[in-house]
Amino acid sequence: MPKKKSNSPEDLSAKNPLIVPVYQTASFSFKNTEELAKFHKGEEKNKFLYSRFENPTAVATESYLSTLEKSESSLLFSSGMAAITCSLISLLGSGKKLILPQTTYRHTRDLANKILSRYGVEISTVSDFNSDNLEQILEKDIRVLFAEIPSNPLLSIPDIEKVAEWTQRNRVHFIVDSTIASPAILNPLEHGADLVIHSATKYLSGHNDIVAGSISGSENLIEALKEQRMLLGSTLGINEAFLLHRGMKTLPIRMSKISETAFQLAEFLEGHKKIKNVFYPGLESHPNHKNALKYLKGSFGGLISFELENHSMTDKFIDNLKIAILAAGFGGIESQAEHHVKMAYPDLDEKNSLLTCIPKGLIRFSVGLDDFEVLRDDINESLDEC
Ligand SMILES: *Cc1c(COP(=O)(O)O)cnc(C)c1O
């Protein structure tokens, strides 16, 4: 066989595909050494070198995410945790402090306490981010304030602009994990956050079929993180990037239907005599309803947390449900229900301090694309037997 210089005889982009194709390739070829040299000098636009650094399918998906997130730039990662790890490793170092709220996603806290602390990062936990608490933080060397907005599982929402004002005054990076909202509902960068992180496994991809993560922010910050991602090797796979792109195209329409159903369901649950303490930012009874009205874009998302009057019936209630599925995670088109402590903290004793902020018997319900009436009847029938 004659020696071939390239496997792609024609320019692929000249074929004008309607959809960004899957560039399933680890490497990209160059015509000659001169082209390679030009690429390294940044003179060759639209050229790629190696898929751990950059891949056209991923770049197109990142650019789509930036439009949704209203950011200058975005990066994709192999998971939400990979995105969180990359951001924290990049911005923190020995002797630098990270401020985390008590209710942060468990693995984010474990990452901080079990790994970052070994490299000299100091971790301060606060109960929540109301401005009084912030003004009491007088410690030095704070580098990063990391907030989950809305938080898991009680869906609290701080006054984001007040937090941002504090971080700017104190020269602290403000990172928001906005997985639970998705950019269809909240754009934290518009309210002063420096970086927004998503577990794209959840609403962004929306179909429970991939694990992925993202970071969005200014060109400057993202450029620095890009090198870290390349060194950490936590790039998103090419097929996952394609599926994420496809999922994001329906994000606004999914979130609109999901939020509408969730709102109706939250009102229904609040009026039910066997239910107490419904946490949903759209309800006036939610402690941060005012902030939800101020910052969320008119809808309130798909997660509802609530407790039964009779805690001892919680497991039976979940097991009786026929539509809502018992499964980890949230944000897909399937509705899901879990006893939150039993799903996320099965190894912890009830008295463990991590659990003090989560009501015993709390049920986290992720509304999918099922109709309100279907979910209401499912819940009603399950409650009848409790
Ligand atoms: C799921 C989740 C993560 C972790 O994301 P993975 O994609 O599972 O790594 C981080 N933060 C929040 C709020 C999450 O819900």
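Modeller: Let us start with the polar contact, which is a pair of N or O atoms within 3.5 Å; within protein, one atom must be able to donate a hydrogen and the other to accept it, and residues adjacent in sequence count only if both atoms are side-chain atoms. The model is predicted, so local features need pLDDT of at least 70 and side-chain atom pairs count only at pLDDT 80 or more, while totals for chains, interfaces and linings use all residues. Residues are numbered from 1 along each chain as its sequence is written, and side-chain values use heavy atoms, with hydrogens and water left out.

Colleague: Okay, so what does the side chain of S79 reach?

Modeller: The side chain of S79 reaches the backbone nitrogen of A82, at a distance of 2.9 Å. S79 itself sits in the loop between β1 (73-77) and α3, where helices (H or I, at least four residues) and strands (E, at least two) are DSSP runs numbered from the N terminus.

Colleague: And is S79 buried or exposed?

Modeller: S79 counts as buried because its relative accessible area is 18%, given that buried means under 20%, exposed means over 50% and partly exposed lies in between, with a 1.4 Å probe and protein chains only.

Colleague: Switching to the ligand, which residues come nearest to it?

Modeller: There are 13 residues around the ligand, and M81, D177, S199, T201 and K202 come nearest; a residue is counted here if one of its heavy atoms lies within 4 Å of the molecule. Helix α3 (residues 80-91) gives the most to this shell, with 3 residues.

Colleague: What do the side chains of D177, S199 and K202 do there?

Modeller: An N or O atom in the side chain of D177 is 2.7 Å from a nitrogen atom of the ligand. For S199, a polar side-chain atom lies 2.8 Å from an oxygen atom of the ligand, and for K202 an N or O atom in the side chain is 2.7 Å from an oxygen atom of the ligand. The ligand taken alone exposes 380 Å², and the protein buries 92% of that, with areas from the Shrake-Rupley method and a 1.4 Å probe.

Colleague: How many residues of each class are in that shell?

Modeller: The shell around the ligand has 5 nonpolar, 5 polar and 3 charged residues. In this scheme Ala, Val, Leu, Ile, Met, Phe, Trp, Tyr, Cys and Pro count as nonpolar, Asp, Glu, Lys and Arg as charged, and the others, Gly among them, as polar.

Colleague: What about H198, where is that found?

Modeller: H198 is found in strand β6 (residues 195-199), and its side chain makes a polar contact of 2.6 Å with the side chain of E69. H198 counts as buried because its relative accessibility is 1%.

Colleague: What is the phi of L155?

Modeller: L155 has a positive phi of about 60°, although it is not a glycine, and L155 is found in the loop between β4 and α6. L155 is buried, with a relative accessible area of 2%. N277, in strand β8 (residues 275-279), is also a residue other than glycine with a positive phi, near 50°, but N277 counts as partly exposed because its relative accessibility is 42%.
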